[in-house]
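The sequence and the model are shown first.

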Amino acid sequence: MAAALRLSTLITARPICNHGNQCLGFSGQFTANVFSPAVASVYFTPCRRSRVICSASNGPSSSEISSTAKIRSEVLSPFRTLRMFFYLAFVASGSLGGFIAITQLIGALANSSRAAEVPEILKGIAIDFGAVSIFGFLYYQENNAKNAQLARLSREENLSNLKLRIDEKKTLPLSAFRGIARLVILAGPASFIEESFKLSEPFTESLLERGVLVVPCASDGTLLNFQFQETEETKEITAKRRRLWQLSPVLATEWATWLDEQKKLANISPESPVYLSLRMDGRVRGSGVGYPPWNAFVLQLPPVKGMWTGLLDGMDGRVL
């Protein structure tokens, strides 16, 4: 039970649209272990890396449902199995009652002396098969919801296992950033990421104050090379720009595979550039096609420092 409670941070997600962009029909969420000071220091570690690459992948889809995803599903919907059991029991009971009533109807029709019983028998048959239809529909709906939830949790687990490079010597799973940073994942051609890089410049300090870190993933296989101004006047802002864009994906084909699967599920073209915004607690707060709305992030997200630190970690946007 204690192990199950540790997994209770997962929730059901729904797709929404942000600022007129086309909606992505996927969500991502990850869990993490307790964070050590070494992991917590990641956010403040400067990074000199400015080149990342993420090429497309034609590898197999990770569609197997793990035992962890099944446990998480049970935590999210602890009474679903019990409901499904009762639905099946009611279906079986109604079917049995309807079968017995049909045999009684046949006997009543064959015997004119029992003709008065026919309306009552027909009423019983209608009730029985009505109950079978209702509880069969409820079981069908519940089973579909269970399968959809398992598929989503499996995708979320795959996302949490993807690796990020902090610098040349440090690599961490994406789940390690829970409670530390609000990640914004960008996936698209190099031109899309470079333009997003330029558009983020006026909001650099505000985004960092809100714990935002960017994960750029170039889908066209182009080597990214962010240009930072190295002058004495811009030294401080350049350091913050490097920190904002310090992360890079490791094993880029795995990232591309995961993103391609989500685009396919959302009926979005594989070539479409997308962004995915995660909350401080790891759940998805926004996603869409096109450039990320940096200004909206600044307006909607609370700072990570100050008197409200920790209290508003779960209040930084509606969960998808």
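Helices (H or I, at least four residues) and strands (E, at least two) are DSSP runs, numbered from the N terminus. The model is predicted, so local features need pLDDT of at least 70 and side-chain atom pairs count only at pLDDT 80 or more, while totals for chains, interfaces and linings use all residues. Residues are numbered from 1 along each chain as its sequence is written, and side-chain values use heavy atoms, with hydrogens and water left out.

S248 is placed in strand β5 (residues 248-250). The C-alpha atoms of S248 and V215 are separated by 5.8 Å, although the two residues are 33 apart along the chain.

Relative accessible area is used to class residues as buried (under 20%), exposed (over 50%) or partly exposed (in between), with a 1.4 Å probe and protein chains only.

| Residue | Relative accessible area | Class |
|---|---|---|
| S248 | 1% | buried |
| F192 | 4% | buried |
| Y291 | 39% | partly exposed |
| F85 | 54% | exposed |

F85 belongs to helix α4.

Rings of Phe, Tyr and Trp (its six-membered ring) pair if their centres lie within 6.5 Å; planes under 30 degrees apart count as stacked, over 60 as edge-to-face and the rest as tilted. Eleven aromatic pairs are found in the whole structure. One of them, F192 with Y291, is stacked, at 5.3 Å centre to centre and 20 degrees between the planes. Because F192 lies in helix α6 (residues 190-199) and Y291 in the loop between β7 (284-289) and α10 (294-300), the pair ties together parts that are 99 residues apart in sequence. Ring pairs also link F197, F226, W245, Y275, W294 and F297 into a cluster.
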